[in-house]
Amino acid sequence: PMWTNARPELLQDLCQKLVAADAKASGQDDQTFLVLGVSGQGGVGKSVLMAMACHDDRVQSAFPDGIFWCKVGRLAGKGEAPEKVAAMLRQTWVPTMDKDASEKWNQWLEELNATAVDKSTAVLNRLLPQRRCLLVLDDVWSFDAARSVLRAANNHRCVVALSTRQGDVLKKNMDYLSEDACIPVDRLLPGEALAFLKHRLE
């Protein structure tokens with residue numbers, strides 16, 4: 001957006017942690033984490049901060065297989081986020097498969113469609129291994145909405161970043177998060193807000 005407060009310190013922290021998470025996912029560093037949470041009340045700039053981080057050259061270089069953005073939202077059921085993410089991965093990666101891999105994929109998909117299992121989670125588990133990608137879950141309101149994606153990503157050492165205005169979501173995801181991986185985004189202080197407004201009006 002044109003009216004954006006860059007918050008350079010928060011942006012730097014988020015970018016560094018995303019790159020560090022990729023290092024762990026690649027087996028280079030066991031002291032970092034695979035899931036990051038950005039929290040704060042509505043309108044403070046969580047989604048903008050995440051979007052700016054996704055456009056950072058360091059972050060894009062860290063995830064050569066892609067950055068996938070999924071808007072979750074308040075009314076999302078527990079199956080909606082996995083369906084959206086699975087659809088994005090299929091649209092991006094399946095067309096790039098060679099003939100042999102494509103035939104195996106189509107055969108597997110036929111077998112999957114004949115069963116009653118959770119198809120979206122199965123697709124995630126099929127496509128995520130060996131991929132260096134970032135899954136962004138934006139505006140998560142409930143633990144159930146994120147759980148299936150987090151579980152699949154964690155199983156395959158894929159990095160997830162989620163934003164939420166509900167502190168309870170992060171608390172319930174502490175199996176996947178560490179305290180260092182939670183980045184709070186606060187409202188601007190009055191002086192900061194005035195300086196930002198003045199700068200934009202000049």
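Student: What share of the contacts in the protein chain with a separation of 6 or more comes from residues 24 or more positions apart?
Tutor: Keep in mind that we're looking at a predicted model. Take the contacts in the protein chain with a separation of 6 or more, then pick out those between residues 24 or more positions apart. That group accounts for 75%.

Student: Okay, and how many helices and strands does the protein chain have?
Tutor: Start at the N terminus and read off the elements: α-β-α-α-β-α-α-α-β-α-β-α-β-α. Sort them by kind, and the chain has nine helices and five strands.

Student: What percentage of the residues count as buried?
Tutor: To count as buried, a residue needs under 20% relative accessible area. The protein chain has 202 residues, and the buried share of them is 44%.

Student: Which kind of pair do the rings of phenylalanine 68 and tryptophan 93 make?
Tutor: Phenylalanine 68 is in strand E2 and tryptophan 93 is in helix H4, 25 residues apart, so the pair links distant parts of the chain. Both residues are buried. Their ring centres are 5.4 Å apart and their planes sit at 85°, and planes over 60 degrees apart get a particular name. So this pair is edge-to-face.

Student: And what do we call the pair made by the rings of tryptophan 105 and tryptophan 108?
Tutor: These two are three residues apart in helix H5, so about one helical turn separates them. Tryptophan 105 is buried, and so is tryptophan 108. With ring centres 5.2 Å apart and planes at 35°, the pair is tilted.

Student: Going back to tryptophan 93, which residue lies over its face?
Tutor: Look for a residue at 4.2 Å from the ring centre of tryptophan 93. The residue lying over the face is arginine 131.

Student: Within what arc do the buried residues of H2 fall?
Tutor: Helix H2 covers residues 46-54, and its buried residues are Lys46, Leu49, Met50, Ala53 and Cys54. Look down the helix axis, and you'll find that they line one face, because they fall within an arc of 135°.

Student: Which helices do the buried residues of H6 pack against?
Tutor: Inside H6, the buried residues are Ser120, Thr121, Ala122, Val123, Leu124 and Leu127. At the start of the helix, a side-chain oxygen of aspartate 118 also reaches to within 3.3 Å of the backbone nitrogen of serine 120. As for packing, the buried residues of H6 sit against H4, H5 and H7.

Student: Which residue's side chain is joined to that of aspartate 139 by a polar contact of 2.8 Å?
Tutor: Aspartate 139 has its place in strand E3. It counts as buried because its relative accessibility is 14%, and the cut-off is under 20%. Beyond four places away in sequence, it touches Lys71, Val72, Gly73, Arg74, Ser163 and Arg165. Its partner in the 2.8 Å polar contact is tryptophan 141.

Student: Last one: how far apart are the C-alpha atoms of valine 35 and leucine 150?
Tutor: Valine 35 is in strand E1, which covers residues 35-39. At 2% relative accessibility, valine 35 counts as buried. Leucine 150 is 115 residues away along the chain, yet the separation of the two C-alpha atoms is 7.9 Å.

Conventions: Residues numbered from 1 in each chain as written. Predicted model: local features only at pLDDT ≥ 70, side-chain atom pairs only at ≥ 80, totals over all residues. Heavy atoms only, no water. Phe/Tyr/Trp six-rings, centres within 6.5 Å; stacked < 30°, edge-to-face > 60°. Helix = DSSP H or I, 4+ residues; strand = E, 2+ residues; numbered from the N terminus. Buried < 20%, exposed > 50% of the residue type's maximum accessible area, 1.4 Å probe, protein only. Lys NZ or Arg CZ within 6 Å of the ring centre and 35° of its normal. Arc of directions from axis to C-beta. Contact = heavy atoms within 4.5 Å. Polar contact = N/O pair within 3.5 Å; in protein donor to acceptor, adjacent residues only side chain to side chain.
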